[in-house]
Amino acid sequence: MTLKKYILITSILLGTIPNINSKNQLISYSIPGESKLKNDFTDKIKKSESTIDLRLWYNEPAKEWMTSALPLGNGTFGAMFFGNVEKEQIQFNEKTLWTGSPTLRGAYQNFGDLFLEFPNHTLYTDYHRELCLNNAIGTVSYKIGDVTYVREYFVSYPDSMLVVHISTPGHTGKIDLSVILNDAHDGVVKVDKNKITMTGKLDVLSYKAQAEIKNEGGTAKSDNNKVSVSGANTVTIFLSGGTNYNISSDNYIGENEAQLHKRISNRFPSVIKSSYTELRNRHIMDYKTFFDRVILDLDAPMPTIPTDELVKLHNESTYLDQLYYQYGRYLMISSSRGMDLPNNLQGIWNNTNTPPWQCDIHTNINIQMNYWPAENTNLSEFHKPFIHYIVTESSKENGSWRKLAKAIHCRGWYVNTQSNIFGHTDWNANRPVNAWYCMHLWQHYAYTDNIDYLRETAFPVMKNTCEFWFDRLTEDASGKLIAPDEWSPEQGEWEDGVSYAQQLIWELFNQTLKATKILGKNNKFTSTLKEKYSQLDNGLAIGDWGQIKEWKVQPDIKGNEHRHLSHLMALYPGNQISYHLNQKYADAAKASLESRGDLGTGWSRAWKIACWARLFDGDHAYKLLKSALKFTDHIPLSMDNDKGGVYKNLLDAHPPFQIDGNFGATAGITEMLIQSNLGFIHVLPALPSAWKKGKAKGLKAEGNFTVNMEWADGSLKECSIYSGSGKPCKLYFPDTSNVQKVVTDKGVSVKYKIIDSNFLSFETKKNGKYEIIIKAPYSY
């Protein structure tokens, strides 16, 4: 990277534009389009920047949407920018733009494309394209003659808007471009002065997108299907869109077309009046509120080679590890916010009207994996769209989910394997997923300690789900309760008592019993639950080659490398198997994992990271991380285990692109650093030898604890804990004799109790901060 490029990139990150002379010397900084910005506001942004430079960057435009375009989003509205010089393409989506209905699956849809045409921008130099994770802003810069053109792209949550800003630092009157809005359907596109609108209707929903162009200097005019700008100093393009979807409505429609059009149009007056810097700063401050909660620093400098070369040629890079980790958090913030609807198989990014698996809400691993990192990476708010979706759909008396249960004479609800956003669910009954979904309801409580949420939101659904299984379970020959006629996704014959079902129902009953105790429920339901729980087959049986059995009747074949680990729910994301609990079952889970192998589809490799971390094998977990980060450019659908990996834009390849692998890898890395699923906090449970030095800050643990830690040469150096609820803190240390004392942030000693050679505990106060003083670094 040249000095000029570095100065340009760094200054853009800080919200400024540099003036650079021919000798690459920095003359001054200017802030485009803003003369009244308060210095203290800019200072806050500068001070809040992460100390770790996290960027995906490239020295050429994207050639392929799936493998090299870069994603932006605000939770509901998403975009992928290519960075083409002469004709930029920004493909966009909105989370609710679906065909289909409550009786027809349909598919998630491409919304359209925003094209920016720059005449005579064919001969250029110094090209740079990037996505900065520190501020969720994309940048493209290049030079034509002595003029540097800079484009910035972001999707603002506060302003519900995609914003594209074009400037020429140090030059005026140099921007000529045309703006075109293309519909991916047969909607009506209208151009009026500086505004372009696009409206249409699908099977159920109406939609609208609107773009407006604001130029400083020069002139703008509309001509046929486009808006053209000539001789401008800066140009800012705004794009927003949506549908009249409403999950709470019986027919999933919340407004008529006129109301929809008014709502979208009303977003524009305030952003048009705002300066670009105000818009940019609002976006950054909002985004960094969440992103900056967690830091993972593996003591790896930012590489001087582009990200595509890093992935292809230097898979061993530990910078790549921390970049990929935070990329998952970035994608969560960008795709799960703003409405009671989860992200889908591709998050919110999709460029076709016939996407793989319809970009559906896929229930036998994928949607769950999308939310594995929500709680422990300190993004609890972004779990809520999935949680509220579960609560809303499972509570609809005349909804599809409850009708399925009634059809088999059961209370409660269940879903099938594929679902759309209209409650429709089909292709293969997946009854145990109701228990899996409830694990997410419980987990949100376990991390937040919000008893009102548990009482009012989670527990009613958990109770109703238990009642489904009260009605469904049958006794086997030994008197154990088993789920009849179930499957082990996605293989094998249907039979009674498969491990997948039994382990998930065990989690449901176990966690609901905990909830009844917390809420003081002591009634007929609680008594029944205790009785059924005590009689339940927990799904843990060891087979003839030392494995956790997948089926009761069918034989497990050693060397079966199927991508699904459906019989290891109890290891991860469940809580029954651990070396902390029982070595016999942990060893059996290890035998099953070894049989499955270290390859698989992208998401399967991510799942295995977490499983090996739960077995405290950091080096094997790391091997799977590097397997998940294997470069691929394979786009066509493949179920072959050797085709998975990541594309040059770091999106997970099933293949094709599936975002669950991104989220699963981030969750797995977190499991390597901290685990708290068994009632205590275990720091650095699966630290790999490759991460010799590092720090992790802001990770969450159950009980509403936040944990910071630092290590060197595989040994813990520092550990501090923030107690959000004031609960007792129980910590796992391999040798508690190395703990010198526990102090508050004021240096006041705190009494602690040594439970045994591996555990200590101490009382905490709400919002209290505590540091574990270690005599000497100890290794694992």
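Here are some numbered notes on the predicted model above, going from the whole chain down to single residues.

1. **Ground rules.** This is a predicted model, so local features need pLDDT of at least 70 and side-chain atom pairs count only at pLDDT 80 or more, while totals for chains, interfaces and linings use all residues. Numbering starts from 1 along each chain as its sequence is written, and side-chain values use heavy atoms, with hydrogens and water left out.

2. **Overall make-up.** The protein chain comes out with 20 helices and 40 strands. Along the principal axes, the C-alpha atoms fill a box of roughly 80 × 65 × 45 Å.

3. Of the 780 residues, 63% are buried. Buried here is under 20% relative accessible area, exposed is over 50%, and partly exposed is in between (1.4 Å probe, protein chains only). Among contacts with a separation of 6 or more, 66% come from residues 24 or more positions apart; a contact means heavy atoms within 4.5 Å.

4. **Helix 11.** Have a look at helix 11 (residues 384-394): 9 of its 11 residues are buried, so it is largely enclosed by the rest of the structure. The buried set includes Phe386, Ile387, Tyr389 and Ile390, and also Glu393. Among the elements covering them are helix 9 (366-370), helix 12 (400-407), helix 13 (433-448) and helix 14 (451-472), together with strand 20 (361-362) and strand 21 (416-419).

5. **Asn662.** This residue lies in helix 20 (residues 660-673). Which residues does Asn662 touch, not counting those up to four places away in sequence? The list is Tyr324, Tyr327, Gly328, Leu331, Leu650, Leu651, Asp652 and Phe657. Asn662 counts as buried because its relative accessibility is 1%.

6. Five strands, written in the order 29-30-34-38-37, form an open sheet with mixed pairing. Its edges are strand 29 (674-675) and strand 37 (752-754), each pairing on one side only. Pairing requires at least two bridges found by DSSP between two strands. Strand 29 and strand 30 are antiparallel over 2 bridges, and Gln675 has His682 in strand 30 as its bridge partner.

7. **Around strand 35.** Strand 35 (residues 739-744) pairs antiparallel with strand 39 (residues 768-774) over 5 bridges; Thr744 has Tyr770 in strand 39 as its bridge partner. Strand 35 is also joined to strand 36 (residues 749-750) by 2 bridges, again antiparallel, with Val743 partnered by Ser749. Strands 35 and 36 make a hairpin with 4 residues between them, and Gly747 in the turn has a positive phi of about 85°.

8. Most residues other than glycine have a negative phi, and most peptide bonds are trans. Asn428, in strand 22 (residues 425-429), has a positive phi of about 75° and is partly exposed at 26% relative accessibility. Leu684 has a positive phi near 50° and is buried, at 0% relative accessible area; it sits in the loop between strand 30 (681-683) and strand 31 (693-701).

9. **Cis peptide bonds.** The bond from Pro489 to Glu490 is cis, with omega near -10°, and Glu490 is in the loop between strand 25 (486-488) and strand 26 (491-495). Tyr572 and Pro573 are also joined by a cis bond, with omega about 15°; Pro573 lies in the loop between helix 16 (524-535) and helix 17 (583-596).
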